[in-house]
Amino acid sequence: MRYAVLSDVHANIEALGEVLKDVHGRNVEGVLFLGDAVGYGPDPNEAVSALGKNCSVLLAGNHDRAALGLADIESFNPVAKAAILWTAEALSEENKLALKRMPIMEAVKKDDILLVHSTPKSPEEWHYLLTFADAEDNFGHFIQRICLLGHSHMPFIVERLPGGELHIHKGKCAFQEGSRYIVNAGSVGQPRDRDSRACYALLDDEGVELIRVAYRVAETQRKMKKAGLPEPLIERLSLGM
Ligand code: ZN
């Protein structure tokens, strides 16, 4: 197997464009998308159609569901809520239909992989997997060797050794016999680990690597300003948080 794994694009077409360019040079057999095509960013229609054209598997995230009126936005902070209402207005019927067709969890049986936006334990509750305790708990809720997820916009790789011990890997990790893995692919369109560059994961039989790609942040910010999207969402892109 050899896949590019993308998550949390959030309607940022400049970031998505640079990531897809980077992916094209890497000879992958498919691009897997883990959800949140829209929300926060200025180009929801362009993001949904580019993902539809380039990905072999597409999941929906909580922002995609919220933009369709299918997830509660009461738990969203005020700026996220404002962006979702703007997104719901901006999305075409065709792209709404495309988002509606996306599941929130899917297994790729031949590669022993589970894909989910939030957590394998409770995919519909949109919890975050952030701590060792969360990882420990979630390893008990999927049977595959590898679980790929997003949602927190914090890239990481957690390995569970055959004895049950957990190891965290930062940038890359070579797969070991008998170990299982949870990989957070980070965020293409709104990274939150204090690195403003787009993030995605490259996965093959040997291991997994988190890749960073620079994009024109100022161009996305200009479009957000023009669309009247909330200022804190514009600022956070240059900070990577
Ligand atoms: Zn997200």
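Residues are numbered from 1 along each chain as its sequence is written, and side-chain values use heavy atoms, with hydrogens and water left out. Because the model is predicted, local features need pLDDT of at least 70 and side-chain atom pairs count only at pLDDT 80 or more, while totals for chains, interfaces and linings use all residues.

Start with the metal. The zinc ion picks up Asp-8 (OD), His-10 (NE2), Asp-36 (OD) and His-153 (NE2), at 1.9 to 2.5 Å. Donors here are N, O and S atoms within 2.8 Å of the metal (3.2 Å for Na, K and Ca), and since water is not among the atoms, sites may look incomplete. Angles among the four donor atoms run from 89 to 179 degrees, and the site is irregular.

Along the sequence, the donor residues are spaced D-x1-H-x25-D-x116-H. His-10, in the loop between strand 1 (2-6) and helix 1 (13-24), and Asp-36, in the loop between strand 2 (30-33) and helix 2 (44-54), sit 26 residues apart and link distant parts of the chain. Helices (H or I, at least four residues) and strands (E, at least two) are DSSP runs, numbered from the N terminus. His-10 is buried at 1% relative accessibility, and Asp-36 is buried with a relative accessible area of 1%. Buried means under 20% relative accessible area, exposed over 50%, and partly exposed in between (1.4 Å probe, protein chains only).

Six strands form an open sheet in the order 4-5-6-10-7-8, with mixed pairing; two strands pair if DSSP finds at least two bridges between them. Strand 4 (105-108) and strand 8 (166-169) stand at the edges with a single partner strand each, so one side of each has no neighbour in the sheet. Strand 6 (residues 146-149) and strand 10 (residues 180-184) run parallel, joined by four bridges. Within that pairing, Cys-147 has Ile-182 of strand 10 as its bridge partner.

As for the cysteines, the count of disulfides (cysteine sulfur pairs within 2.5 Å) is zero. The sulfur of Cys-55 lies 15 Å from the closest cysteine sulfur, in Cys-199, which is too far for a bond. Cys-173 is in no disulfide either, with the nearest cysteine sulfur, that of Cys-147, 14 Å away. Cys-55 is buried at 11% relative accessibility, and Cys-173 is buried at 5% relative accessible area.

Definitions and conventions. Four donors count as tetrahedral if all angles lie between 85 and 135 degrees; four count as square planar and six as octahedral if opposite donors are over 155 degrees apart and all others between 65 and 115; anything else is irregular.
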